[in-house]
Structure formats: structure tokens, C-alpha cells
Amino acid sequence: MSRLPEALRRVRFPVIGSPLFIISNPTLVIEQCKAGIVGSMPALNARPASQLDEWLAEITETLAAYDRAHPDNPSAPFAINQIVHKSNDRLEHDVALCAKYKVPLIITSLGAREDVNQAVHAWGGVVLHDIINNRFAHKAIEKGADGLVAVAAGAGGHAGVKSPFALVQEIREWFDGPIALSGSMATGDAVLAAQAMGADFAYMGSLFIATLEARASEAYKQCIVDSNSDDIVYSNLFTGVHGNYLAASIRNAGLDPEHLPESDPSTMNFGGNAVKAWKDIWGCGQGIGAVKAIQPTAEVVARLRREYQAARERLAI
């Protein structure tokens with residue numbers, strides 16, 4: 001087992017619900033945490049910026065009330081995702097609000113920032129930084145991150161190309177802190193497999209898009225139910241960074257998913273184009289073949305737990 005900070009030791013089932021741009025909201029986060037997994041959302045989902053204060057108050061107060069009513073089955077901690085890329089002009093404001101509410105977990109993306117890590121540590125928070133290769137993993141830890149989100153091939157949204165086997169193995173050669181593994185996971189069997197490879201948590205997002213609580217359109221949710229890994233397209237056209245998207249949404253936007261041009265990475269744009277990434281072009285990972293229905297979050301987590309236990313029993317663990 002790796003070294004886990006106290007906040008992560010409170011997670012009852014080894015899953016982190018990944019922050020879903022536009023889609024994650026307080027309702028989804030709260031239900032994930034009540035079910036025993038880490039619930040998370042991007043700070044940028046709160047628009048205008050002042051709404052983040054209201055959302056953080058809602059999450060912290062609701063989970064505190066839940067914990068008082070369920071002392072023997074408390075909620076898991078929640079996380080806020082901060083985009084630390086220079087294009088995010090809200091970063092200072094949003095980090096200050098996270099400090100106000102002492103958010104237990106911060107997930108940083110698109111660049112490692114030593115000053116952000118120090119700010120989170122000042123209020124006792126834990127930082128997980130997402131990376132796509134071993135070189136970026138080293139940089140993140142050198143700049144003060146406490147743990148890593150290893151984004152392997154097949155992950156929804158911005159994703160790397162490394163096999164999860166190679167990525168986790170290389171990181172574990174030198175790092176004994178928290179690792180969450182992301183990429184094509186939507187079953188309890190996959191959670192156990194992630195642990196077997198050396199990760200502490202499965203980092204799962206796409207299956208939670210098809211939940212009642214998610215702030216996604218019904219068409220988006222149903223498309224996930226109806227699709228599988230053959231329906232996922234890897235492209236950098238929409239934001240300047242390579243990511244995985246549902247082919248049906250690309251066709252709906254009048255584009256040919258099999259003949260997309262390459263984009264200049266210097267034009268990185270999070271939703272500012274005429275065809276908007278995440279809103280019109282739907283991010284999604286390759287694991288969605290396991291998603292068979294739109295369900296409440298609690299039922300999705302219950303399924304994962306059953307599958308996880310069944311996998312353990314098959315292996316006599």
C-alpha cells in the first residue's frame with residue numbers, strides 16, 4: 001500500500017469520481033460522497049464565479065449534516081478541480097474560495113504550480129495532479145503535489161496515450177504516494193485491476209455522465225448508453241489538446257469524425273470556438289460499453305461495489 005494522507009484514508013470505496021467540465025454539480029458531488037467515493041467538480045463549472053461560494057457552502061453543509069446523521073457511515077471527502085493553465089483568469093479567486101471552505105482535496109490540471117500547492121497545504125488540503133506520462137509525474141511531485149492522477153489511454157476528455165500498465169509501473173518505481181488511475185474504467189472489476197497494478201484509486205468519469213444527477217443533456221446521457229469504445233474519437237481539434245470524444249456528437253456538429261484535421265496546440269481554447277468542446281462535442285472515455293442505463297449515482301456505485309466484490313471472490317482475495 002502507498003502512503004495515503006488522512007483525507008484519502010476516509011474514502012470507503014477506492015474510486016474518485018473525476019471532475020466533468022460543465023456536467024459535474026453539487027448534487028452529483030454530494031451523491032458520490034454519500035455513496036463512499038470521492039465526488040469532484042471543476043471550479044469553472046460555477047458560473048458566474050460568485051456561484052462557487054454558494055456551491056461550496058452547499059456541499060460542505062450538506063455533507064456535514066449527512067455525517068452527523070450517519071456517524072457509522074460517513075461521507076467520503078470531496079474534491080475541486082483547478083485548471084492552472086495561464087488561460088484560467090479565475091484561478092486566484094477560486095483557490096481563495098477553496099481556502100475559505102478548507103476543501104479537503106484539490107485536483108490540478110494542465111500544468112503544475114508550486115504556489116497553488118503551497119496555498120492548498122496552508123489550509124491542510126491535499127493536491128492530486130493529473131499527468132499523462134512519467135516525466136510530467138516527476139515535475140508534479142517536484143513542485144509539491146501530494147499525489148497523481150495517471151491519465152492513461154482511453155480516458156474521457158483530455159487523455160494520454162500510455163498503457164495503464166506502463167504508466168503506473170514507471171511511476172511506482174520511484175513514487176510511493178497516492179495514485180489514481182484514469183482510463184476506460186466503468187466496472188468494479190476495473191477498480192480491482194487498478195489496485196492490482198499498483199494504483200490506490202480508480203478515477204472514473206464517463207459512467208457518471210449517464211446518471212440522473214449529472215448536468216448533461218438527455219441526448220448526451222442516452223448516447224453514452226447506446227455507445228461503446230468503437231464510438232470514441234481521439235482528436236486535438238476542439239481544444240488544442242488531444243482528447244476522447246463521442247463520434248455521434250461530432251457528426252451532429254456537421255463534421256466527419258473519421259477525417260478531422262489537426263489543431264495547433266497554441267490555440268488551446270476551452271469552449272470558445274463556434275463548435276464548443278464539451279457542450280457540443282461530448283467528451284467520453286472508452287469504457288462506456290459497460291453503461292447500460294441512465295441511473296441514480298447511488299445505484300451506479302452500488303453496482304461497482306457488487307462487481308468489485310465478485311471479482312475479489314473469483315480470485316479468492
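The questions and answers below take these topics in turn.

Author: This is a predicted model, in which local features need pLDDT of at least 70 and side-chain atom pairs count only at pLDDT 80 or more, while totals for chains, interfaces and linings use all residues. Residues are numbered from 1 along each chain as its sequence is written, and side-chain values use heavy atoms, with hydrogens and water left out.

Reader: How are helix 2 and helix 3 oriented to each other?

Author: Helices (H or I, at least four residues) and strands (E, at least two) are DSSP runs numbered from the N terminus, and axes are lines fitted to C-alpha atoms, for helices over the stretch in contact, with angles running from 0 to 180 degrees between N-to-C directions. The axes of helix 2 (residues 26-34) and helix 3 (residues 51-69) come within 10 Å and cross at roughly 25°. Because angles under 35 degrees count as roughly parallel, over 145 as roughly antiparallel, 65 to 115 as roughly perpendicular and the rest as oblique, helix 2 is roughly parallel to helix 3.

Reader: Which residues of helix 3 does helix 2 meet?

Author: Contact here means heavy atoms within 4.5 Å. From helix 2, P26, V29, I30, C33 and K34 take part, and their partners in helix 3 are W55, E58, I59, T62, L63 and Y66.

Reader: How do helix 8 and helix 12 lie to each other?

Author: Helix 8 (residues 188-197) packs with helix 12 (residues 297-314) at an angle of about 60°, their axes being 6 Å apart. The relation of helix 8 to helix 12 is therefore oblique.

Reader: How much space lies in the largest cavity?

Author: On a 1 Å grid over the protein atoms alone, a cavity is a set of points where a 1.4 Å probe fits but cannot get out, and lining residues have an atom within 4 Å of a point. Grid points are joined across faces, edges and corners, and a volume is the space filled by probe spheres set on the points. P42, A43, L44, N81, Q82, I83, N88 and D94 line the largest cavity, and strand 3 (residues 78-83) gives the largest share of that lining, 3 residues. The space in the largest cavity is about 30 Å³.

Reader: Where is P48, which a cis peptide bond joins to R47?

Author: The cis bond between R47 and P48 has an omega of about 5°. P48 is placed in the loop between strand 2 (39-42) and helix 3.

Note on methods
1 Å grid on protein atoms, 1.4 Å probe; cavity = no way out; pocket = protein on both sides within 12 Å on 5 of 7 lines; lining within 4 Å.
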